[in-house]
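Me: Hey, can you walk me through this one? I'm new to reading structures.

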Amino acid sequence: MTSLSSAPRRVRDAGPSGWLAAPALIFFLAFAVVPLIGVVFLSFTSWNGLGEIKLEGLSSWTTVLTDPVTGNALVVTAKIMFFSFVVQAPVSLLLGVFTAGGQKYRAALAVLYFLPLLLSSAAVAIAFKALLDPNFGLGPGFKLPILTQDWLGNSDLVLFVVVFVIAWQFVPFHTLIYQGGVRQIPASLYEAAEIDGAGRFRQFWNITLPQLKYTIITSSTLMVVGSLAYFDLIFVLTGGGPGYSTRLLPLHMYLTGFKANDMGAASALGVILIVIGLGLALLLQRLGGKNRNASQLEGA
Amino acid sequence: MASTTQLPVPPSRVTADPAAAPVARTKGPGRQRPNLLGGVGGWLWLAIIIIPIYYVVITSFKNQAGFFTSNPMLPAPEPTLDNYKLVLDNNFVKYFTNSVIVTLGTVLPALAVSFMAAYAIVRGKSRFLNWTNNLFLLGLAIPLHATIIPIYWMITRAHLYDTLLALILPSVAFAIPVSVLILSNFMRDVPNELFESMRLDGCSDWAMMWRLALPMTKPAVITVGIYNALHVWNGFLFPLILTQSPATRVLPLSLWTFQGEFSVNIPAILASVVLATLPLLVIYVVARRQLLSGLTAGFSK
């Protein structure tokens, strides 16, 4: 501790010592920055996860880049990213506005809307696996043939099922963000619009939406970048199948590394994932303009 | 207030929009008209959210024969607690304890080091601190889980594979960027004069950090703590790649392994889902507001 003379020293501009940041920095360097460098290094090696690591030059990269499964994983990732954004963004915006309303029944509904936030991805996946079973789930329960499908076994349907389950799990989180955003809009704006005779739709279009601009940017960024982290849900729900139909990039990386024991190729896939994530984050930040929230990117 | 003459428009509203005042196109009950479309949508979404949860809960009380024969959407004719007993007898308490250890073991150190770093970044001026802050910001934009392979390598090399510490160390590192960002956002709101007057009283930075900055940012610290705790509690990827034995299994991974152990005993699998969710449900019931504000961790600040 710095010893100070009792005489008040007017200005001590130095501020706190940089050492205070050292523990956080050391943790972050050791378990985030070093692995980040490590994943690039390992992509130029061959390693089965147990034995020796051998430098192999570009062989992992040529394997990964010529493998049609990689291209397929990129397409699946893009599809899931696109569809889950198109589904989640409007639904969570509307629900955010809905739950921000003062009515009692809406507050009560909101308490239930947020329940999925309590479940882990593994729990959500297991619940839906049982619910979507064509023999003992939703379809026979409601006696509706349309609900009695082999939801997770039909490669034409499964992608949309995955998008639906993702929405079920993550819409509540974004609803919460929008609810917070709507509550910060000054009530006087609506009062003025009311006096002008603006109807509900006009108010939504001309006040709510423009006022939510930064919330929309934050939520959209989290949705898009976050979709690169949909690993556990899909891993438990479909395992990437049937075939390769839901094998998105993070899952492809895991299976290549820990099931096919090709850590070199998996590291190359990890590098691709990092480049895509970083590129998307920077792009969205640019699109969103100068906004301090846009930098709050977490694969939430 | 309490004026006897009923004005068509309260005065405050007139001043809010002077242009509208002379026209006086006021439709009193305009706002009260119920939003039918919104209401229908709201109840529809409730059905979407509730049906899976309802299904999980009712099925977890069915015996296996009942599961195969009864209507899947109706409660069990003879509810049974056997499935819960089976899950509890299968090491559930051990997995729960492991989850608690990993969550606390991650969140408390992560909060401490992030708080100190945030304080230094906000109050300090050195180039080193600026660089540190930028590094953490970059960490937010990178999907860090893409680094699981080198993390696996490091953990095995350090002979930490299949230990709880293996889960804690990288989790602390991954929690730091978002924690520092949010804590420093809040710390900037603490008035500078308070620090200056404490400085005049001869306080060291160390003392100011704990006696001024910490009390002033306590809500943010709690929020960040909850946010990180939920992520660690529900985390699946690190346990999957860094542990394997039942002795180090945490709850989310245990759900996945129960699936293998109980195979066709779906009611028991779903009972494990209910049991694993119960702790958070209890917290949700007693402290919903804190939990929800922790979840968005200042994203809508």
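Me: What should I know before I start?
Reply: This is a predicted model, where local features need pLDDT of at least 70, side-chain atom pairs count only at pLDDT 80 or more, and totals for chains, interfaces and linings use all residues. Residues are numbered from 1 along each chain as its sequence is written, while chains are lettered from A and ligands numbered from 1 in the order in which they are written.

Me: OK, how many helices and strands does chain B have?
Reply: Chain B has 14 helices and zero strands. Both kinds are DSSP runs numbered from the N terminus: helices are H or I with at least four residues, strands are E with at least two.

Me: And chain A?
Reply: Chain A has 13 helices and two strands.

Me: What's the radius of gyration of chain A?
Reply: It's 24 Å for chain A, whereas a compact globule of 300 residues would have one near 19 Å. That radius is taken over C-alpha atoms, and the globule rule is 2.2 Å times the number of residues to the power 0.38. Along its principal axes, the C-alpha trace of chain A spans about 85 × 70 × 30 Å.

Me: Now, how do α4(B) and α13(B) pack?
Reply: Helix α4 (residues 82–123) of chain B and helix α13 (residues 266–286) of chain B pack at about 70°, with axes 8 Å apart. Angles of 65 to 115 degrees count as roughly perpendicular, so α4(B) and α13(B) are roughly perpendicular to each other.

Me: Which residues meet there?
Reply: On the α4(B) side, N83(B), Y84(B), L86(B), V87(B) and F92(B); on the α13(B) side, P267(B), A268(B), A271(B), S272(B) and L275(B). By class, this contact has eight nonpolar, two polar and no charged residues. Ala, Val, Leu, Ile, Met, Phe, Trp, Tyr, Cys and Pro count as nonpolar, Asp, Glu, Lys and Arg as charged, and the others, Gly among them, as polar.

Methods
Axes fitted to C-alpha atoms, helices over the stretch in contact; angles between N-to-C directions. Parallel < 35°, antiparallel > 145°, perpendicular 65-115°, else oblique. Contact = placed C-beta atoms within 7 Å.
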